[in-house]
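These are my notes from going through the model. I looked up one thing at a time and wrote down what came back.

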Amino acid sequence: MSKLKVATVWLDGCSGCHMSFLDMDERLLELAELIEIVYSPIVDAKEFPGEVDIALVEGAVASVDDEKKIKKVRAHTRTLVAMGDCAVAGNVPSMRNPFGPEAILNRAYIENTTTQQQIPCVVVPNLLKVVRPIHEFVKVDIFLPGCPPSANTLYTVLTALATGQPVDISSLTRFGA
Amino acid sequence: MTDAVEVKTLIIDDQEVSARRGQTILEVAREHDIHIPTLCHVEGLSNVGACRLCLVEIKGSNKLLPACVATVFEGMEVVTNSERLRRHRRTILELLFAERNHICSVCVSNGHCELQTLAQEQGLTHVRMPYRNPQLSVDASHDRFTADHNRCILCTRCVRVCAEIEGAHVWDVMGRGINSIVITDLHQDWGSSTCTRCGKCVQVCPTGALFEKSKIGTDNPKNPDFLPYLNLMREAR
């Protein structure tokens, strides 16, 4: 049997979900028998591959760049997994929503700085008005709440997906877990 | 007329049970270890049927009834768990999550929140409605307690415990519909209100909306269990 192609994607999140992924430790070696990581912040591939079996997406959609990325991921992925509370619900990145992006940019780059007070406008992508979970942009196949979902949760879900077994997400994790 | 207790026989989830006249479906179900999820209900306070999580099906009626306030009748057939009810319960929880800013990961009640626990119990893994993200205040004016309206679900447990048990009626609800918020006195700061500092409202609050300063996080679950005991002592007097 050929290995499943797995991608992991990092949008607006703290990378904690990826840390949790790495926390699978030696079980990553077992998983490596079943899956192959074809794209991820922790491997070298620069371009999202043409066809991916499972994409684990960490982070909410907060910028025009995130929006572009998630649409590309969806177009090339069979099973899209929203990994963690930011992807599932917006979580901490969405805490700026009641105030709007101008307010937080001002706070970070003007009010709290003493030199070079300016809001970055080149190279970095523009922020969206509101931070939204990824399912408000694309269809999500599996929702995996948790901040972050534990290594056990990720291992159980990935193994189930790789072997085609059913999995009860709510028995494994919850919002804020 | 005699004082004899009138007994009603009914069926809850295919189980024949007997109840006293005037008992609610929820009371009878709990006596028989039949689980009905609740959120605004808390043992020891009056019931308001506000959250609608305890909705049950009654055979012969297409209306769903809140089990916490609907009383039993002879021959009643109750279904407490069906796909239709599960769907409604999940939707109610989703609406609660979408209504205000419930960020579980950074909430003082993460790990011992009734809303969070119910979401997990009802198999809710995401919210289909767009989040409203309203701008709401946090009242930290009290020297012992904080009210964070971002986490409030308007269950009115605080209002009821303050009026019914403490007898102070400091808490109440202001506004209508989506603009409703719980207030102290006539919308004064909690710290300068007539609050008796008893802390019962904090203990019955199901979420992180009311909490004790310096007592936050998973090590500090709330304890609403004192209410039935207080009521028992009152009756004994």
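Two strands count as paired here if DSSP finds at least two bridges between them. I needed that cut-off before looking at a residue pair across a sheet. The model is a predicted one.

Entry 1. I started with Phe145(B) and asked which residue it stands opposite. Phe145(B) faces Glu212(B), which is in E10(B). I then checked the strands behind that pair: E7(B) and E10(B) run antiparallel to each other, with three bridges.

**Entry 2. Chain B as a whole.** I counted secondary structure next and found six helices and 10 strands in chain B. Along the principal axes, the C-alpha atoms of chain B fill a box of roughly 55 × 50 × 35 Å. I compared the radius of gyration with the globule rule: a compact globule of 237 residues would come near 18 Å, and chain B has 19 Å, which agrees. Of those 237 residues, 39% count as buried. I also looked at how far contacts reach along the sequence of chain B. Taking contacts between residues at least 6 apart, 63% join residues at least 24 apart.

**Entry 3. Domains of chain B.** How many residues of domain 1 are in contact with domain 2 in chain B? I found 13 on the domain 1 side, in contact with 18 residues of domain 2. The side of domain 1 that touches domain 2 in chain B is made up of 10 nonpolar residues, two polar and one charged.

**Entry 4. The largest nonpolar core.** I looked for the largest nonpolar core and got a set of 100 residues. The residues with the most contacts inside this core are Ala55(A), Val57(A), Ala82(A) and Cys158(B). Both domain 1 (9-81) and domain 2 (86-224) of chain B give residues to this core, so it lies between them. I noted as background that nonpolar side chains tend to be buried together in soluble globular proteins. I then listed the neighbours of Cys158(B), leaving out residues up to four places away in sequence. Cys158(B) touches Trp171(B), Val182(B), Cys201(B), Val204(B), Cys205(B) and Leu210(B).

**Entry 5. Where chain A meets chain B.** I counted 22 residues of chain A in contact with 19 residues of chain B. Helix H4 (residues 85-89) of chain A gives the most to the chain A side, with three residues. That side has 12 nonpolar, seven polar and three charged residues. I also checked Cys104(B), in the loop between helix H2 (83-99) and helix H3 (114-121) of chain B. Beyond four places in sequence, Cys104(B) is in contact with Asp85(A), Phe175(A) and Gly176(A), as well as Asn110(B) and Gln116(B). Is Cys104(B) buried or exposed? Cys104(B) is buried, because 26 other C-beta atoms lie within 10 Å.

**Entry 6. Asp66(A).** I found Asp66(A) in helix H3 (residues 64-75) of chain A. Asp66(A) is buried, with 25 other C-beta atoms within 10 Å. Not counting residues up to four places away, Asp66(A) touches Leu11(A), Asp12(A) and Val61(A). From Asp66(A) to Pro125(A), 59 residues along the chain, I got 8.7 Å between C-alpha atoms.

**Entry 7. Backbone exceptions.** Most residues other than glycine have a negative phi, and most peptide bonds are trans. I looked for departures from that. Leu154(B) is not a glycine but has a positive phi of about 60°. Leu154(B) sits in the loop between strand E7 (145-148) and helix H4 (157-166) of chain B, and it is buried, with 20 other C-beta atoms within 10 Å. Asp185(B), also not a glycine, has a positive phi of about 50°. I placed Asp185(B) in the loop between strand E9 (181-184) and helix H5 (200-204) of chain B. With 16 other C-beta atoms within 10 Å, Asp185(B) is partly exposed. In chain A, the peptide bond joining Cys147(A) and Pro148(A) is cis, with omega about -10°. Pro148(A) lies in the loop between strand E7 (142-144) and helix H6 (151-163) of chain A.

Key:
Residues are numbered from 1 along each chain as its sequence is written. Chains are lettered from A and ligands numbered from 1 in the order in which they are written. This is a predicted model: local features need pLDDT of at least 70, side-chain atom pairs count only at pLDDT 80 or more; totals for chains, interfaces and linings use all residues. Two residues are in contact if their C-beta atoms, placed from the backbone, lie within 7 Å. Ala, Val, Leu, Ile, Met, Phe, Trp, Tyr, Cys and Pro count as nonpolar, Asp, Glu, Lys and Arg as charged, and the others, Gly among them, as polar. A nonpolar core is a set of buried Ala, Val, Leu, Ile, Met, Phe, Trp, Tyr and Cys residues joined through C-beta atoms within 7 Å. A residue is buried if 20 or more other C-beta atoms lie within 10 Å of its own, exposed if 12 or fewer, and partly exposed in between; C-beta atoms are placed from the backbone. Domain bounds come from an automatic or database domain assignment. Helices (H or I, at least four residues) and strands (E, at least two) are DSSP runs, numbered from the N terminus. The radius of gyration is taken over C-alpha atoms; the globule rule is 2.2 Å times the number of residues to the power 0.38.
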